Amino acid sequence: MTITDVSQTAAPDTPVSYPPVAASGTPEQVSGTARSVSRPDKRKTIKPKRDRLMTALSLAAAIGGTLVGAIGFAMSYSTLAKVALSWGFSAGLAPWFPVGVDASIIAFLALDLYLIRKNTPWPLLRAAAHAMTGATIWFNASSQGEISADPVKAASHGVMPILFVIGVEAARRLIIQKARLEAGTASDRIPLHRWILSPLATPQFYRRMRLYGVTSYPEMIRRQQDLIAYKQWLKRKHRGDLRKASEDERLPMQMAAHGYTVAQALAMPEQQEREAELRKEEAERRRLDAETRQELARSQAQADRLEAEGKLEAVRARVEGETGQARAHARAQVSAAERAAELEEAALNTAVIAEARAREAEADRKTADERAAQAEADLRAAELERQAADKRKEAAEADRVAAAEAQAVETAEIAEARKRATEADRAAAETARAAAEILRRAAEADRLTAEENERTATADANTQAARKREAETEYAAAERRLAAAEIERRAAEIEDTAKLKPRERALRKVVRMALAAGAVFVGLDADGIHRELCRVVSIADVQREFDVSSTDTASKYRQEAAELLANGYRPEQ
């Protein structure tokens, strides 16, 4: 038996060497139980005191193992090199054959020890190393001929590799045990005398230790002793009849097979009740959290709905305000147009009356002027007649004087007087002709004045008709603007209800602009609709309406609006 095979147990009169390790899933220690057991901790690494003897033994083992390994490999190398030559290896490859075989053993064993040190062992490496060791032993033993012919000679050649493997296995066990001690997983061995003295109960004892991670043999003994003592106490309590014990009192016997101590088994009901209460509290907390989240979700949904309603009301108020402003503006424009028409009509009537009165006054003035001219002409004619009469009187008087003078005047003077009378008659005729010309010119002036007055009246009537048509056009435009504002309001309500995106709203706005501009899309295909829309709505109109600077964006708006119309969209009229 090697040093590492010695069982690390404590004497019966010594305290427990290792603290217990609880099985996976077992309840923790609870205060107030029948027996207090400290909670399992990490196993404390046993660090034996290094005395001189142990140091000397370690040095001897290291030196001896090194020597044995070196000698074994040297002998194996020499033997296997000769065997390789006899087996047909070339002189250059024969020396490398023992190196490959023995180096594989060292490599596999070293890698196995490294993986064990890293807690990732791989049994295949150890098996491969042992296989190569067996091959080395066989090659060395058979190098001197048949093994059965001289077994002692064959054994002398194969013993050195065996000794090397035994040394490596010893080191392997030492490393494994050290790693277990450091990790707190090293377990005690059950003494041989227990297997001999209790052959039936010991396998069950060993099974419990291995299944439930009890690495300390004294700890397992203490658990079994506690269970036996508890059974005796329970029998004494119920006068030897364990059937009278309650379910909770029988728990230590039932749970012992599952790695529970007496204290842990007795604490189990309370622990489970506490865990049940915790689960119930956790379920209640989750339920309250769920209710709180639902309430928050409802509140958030209500807040979102109120916010959406507020936005809708704001849009509706804005649209109604704009519609009211448009209506008021239209009504004001209509009233202004009607008032202007009334004022213009009154002014026209006043102007017509004044014009008529002015024409009457002008006619009266002209009549007066004509009468004055006629009177003046008559006066001049009368004056001429008077002058002619005076001249005739003078002539008659001259004739009478001439006759009175007893016809003393000569015939020449009478002739002269008659000649002057004739001249006076001729002058009077000229005056009459001049008066007639004056009367003709006055009549021509009256005719021209009448024609001018007629043209002025016609121009005034045309002006009044044009103003009336302008007022009617303005009124019709105001009515169209009012209808367009109403359509925009209804469209805004419909778009808000449909929750359209801003681009979709813009496309529908372009369609309404086209319809408001007088576009007709009935009976047109997609290309015809696009041409008609481009005819009535220009890119500049789209840029101005939606405040976009890119002509490409405005063109896309028109194109998509035409596609919307081609797909059957018509705004509510």
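Which handedness does the crossing of α11 and α13 have? The close-up views below take up this crossing and other parts of the structure.

This is a predicted model, in which local features need pLDDT of at least 70 and side-chain atom pairs count only at pLDDT 80 or more, while totals for chains, interfaces and linings use all residues. Residues are numbered from 1 along each chain as its sequence is written, and side-chain values use heavy atoms, with hydrogens and water left out.

**View 1. The crossing of α11 and α13 is right-handed.** A crossing is called right-handed if the near helix is turned clockwise from the far one by less than a right angle, and left-handed if anticlockwise. Helices are DSSP runs of H or I with at least four residues, and strands are runs of E with at least two, numbered from the N terminus. The axes of α11 and α13 come within 11 Å and cross at roughly 130 degrees, where axes are lines fitted to C-alpha atoms, for helices over the stretch in contact, and angles run from 0 to 180 degrees between N-to-C directions. The two helices α11 and α13 are therefore oblique to each other, since angles under 35 degrees count as roughly parallel, over 145 as roughly antiparallel, 65 to 115 as roughly perpendicular and the rest as oblique. On the α11 side A506, K509, V510 and M513 meet D541, E545 and F546 of α13, contact being heavy atoms within 4.5 Å. This contact of α11 with α13 has four nonpolar, no polar and three charged residues, where Ala, Val, Leu, Ile, Met, Phe, Trp, Tyr, Cys and Pro count as nonpolar, Asp, Glu, Lys and Arg as charged, and the others, Gly among them, as polar.

**View 2. Helix α13 (residues 539–546) meets helix α14 (residues 551–566), their axes crossing at roughly 100 degrees.** The axes of α13 and α14 come within 9 Å, and the angle makes α13 roughly perpendicular to α14. From α13, residues I539, V542, Q543 and F546 meet T551, A554, S555, Y557 and R558 in α14. By class, the contact of α13 with α14 has five nonpolar, three polar and one charged residues.

**View 3. Helix α12 (residues 526–536) packs with α14 at an angle of about 130 degrees, with their axes 9 Å apart.** The helices α12 and α14 are therefore oblique to each other, and α12 passes α14 in a right-handed crossing. To this contact α12 brings A526, I529, H530, L533 and C534, and α14 brings R558, Q559, A561, A562, L565 and A566. The residues of the contact of α12 with α14 divide into eight nonpolar, two polar and one charged.

**View 4. The second largest pocket has a volume of about 840 Å³.** On a 1 Å grid over the protein atoms alone, a pocket is an open set of points with protein on both sides within 12 Å along at least five of seven lines, a cavity is a set of points where a 1.4 Å probe fits but cannot get out, and lining residues have an atom within 4 Å of a point. Grid points are joined across faces, edges and corners, and a volume is the space filled by probe spheres set on the points. The second largest pocket is lined by 31 residues, of which A484, A485, E488, K509 and A516 lie nearest its centre. The largest share of this lining, 12 residues, comes from α10.

**View 5. The second largest cavity holds about 80 Å³ of space.** Its lining includes G72, D102, T133 and M160, and α4 gives the most, with four residues.
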